[in-house]
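Here is my note on the model you sent. Please keep the structure open as you read the points below.

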Amino acid sequence: MRHSRTETAKTHERIVSVASKKFREEGLAGIGIADLMKEAGLTVGGFYKHFKSRDALVAEAVGSALELWQRQVDSAASGGPPVTYESLVDGYLNETHRDHPGVGCAVGALAPDLARTSKRTRAVVTQKIRNNIELLTTLIRGTNGKGSGTARSRAIITYCALVGAIGMARAVSDKELSREILKTVAQRLKNPTSVEDRINHPPTPEPSRHRPRWSAQ
């Protein structure tokens, strides 16, 4: 019985893993249960032994896909590479992520689809996005010593910029423009003060070299 439960858990995990990847590649409506189960090496009849409905699978698969950053944090705690604000930005805004949505951010790949999913899936997505924003907030506050309000505002802006930039980079057909989008947004997110300084403290105009002409009284 114990062996059976172990095998069942492994099969369940395999279905979720396959679905998570294929949904990000093809969209939530882009692949059916039959094809997902075939991709996992299983029969369609076995699906309902693991999930009550397709929506249940969608919720779990999307939730798993949105734990990428948390898995990096867990890995860092076990001696893996440290997780920093800069490492998250660089890991998100690069050509590998752009070209392989199946292993990347579910929000970046599925944002329009997610807005039309079931309440269950949206609740899962909401919590995972909240967790990701909290992680960014913590990293920003720890690095720059910003207050909680300022750090959270920057975290929200960062998250939205990441999702928008990867979407635009994938949408355009010009590879040079696509790379420019990724590079520019990454630079601005990692160095916001340089932009803020130019806006809030523009260069002082040089004094005129021409002496004013005074009219004789």
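1. Start with a term. A salt bridge is a side-chain nitrogen of Lys or Arg within 4 Å of a carboxyl oxygen of Asp or Glu. K21 and E25 form one, with their closest N and O atoms 2.6 Å apart. Both residues sit in helix α1 (residues 2-26), four residues apart, or about one turn of the helix. Helices here (H or I, at least four residues) and strands (E, at least two) are DSSP runs, numbered from the N terminus.

2. A word on the source. This is a predicted model, where local features need pLDDT of at least 70, side-chain atom pairs count only at pLDDT 80 or more, and totals for chains, interfaces and linings use all residues. Residues are numbered from 1 along each chain as its sequence is written, and side-chain values use heavy atoms, leaving out hydrogens and water.

3. Now the overall fold. The chain has 11 helices and zero strands. Buried residues make up 34% of its 217 residues. Buried means under 20% relative accessible area, exposed means over 50%, and partly exposed lies in between (1.4 Å probe, protein chains only).

4. Is K21 buried, exposed or partly exposed? K21 is partly exposed, at 35% relative accessible area. E25 is also partly exposed, with 35% relative accessibility. Side chains of opposite charge can pair when their charged atoms come close.

5. Other pairs reach across the chain. D90 and K190 meet in a salt bridge of 2.7 Å, N to O. This pair links distant parts of the chain: D90 belongs to helix α5 (residues 85-92) and K190 to helix α10 (residues 175-190), 100 residues apart. D90 is partly exposed at 36%, and K190 is partly exposed at 26%.

6. Next comes R152, which bridges to E134 with the closest N and O atoms 2.9 Å apart. R152 lies in helix α9 (residues 148-171) and E134 in helix α8 (residues 119-144), 18 residues apart. Both count as partly exposed, R152 at 32% and E134 at 36%. Salt bridges that share partners also join K21, K22, E25 and E26 into one network. The whole structure holds 10 salt bridges.

7. Look inside next. A nonpolar core is a set of buried Ala, Val, Leu, Ile, Met, Phe, Trp, Tyr and Cys residues joined through side-chain atoms within 4.5 Å. Which residues have the most contacts inside the largest nonpolar core? They are F23, L57, V62 and L93, in a core of 50 residues. Helix α9 gives the most to this core, with eight residues.

8. Contact means heavy atoms within 4.5 Å. Leaving aside residues up to four places away in sequence, L93 touches residues including L162, I166, L182 and L189.

9. Last, the largest pocket. On a 1 Å grid over the protein atoms alone, a pocket is an open set of points where a 1.4 Å probe fits, with protein on both sides within 12 Å along at least five of seven lines; lining residues have an atom within 4 Å of a point. The lining of the largest pocket has 18 residues, and L68, W69, Y92, H97 and C105 lie nearest its centre. Helix α5 supplies the largest share of this lining, four residues.
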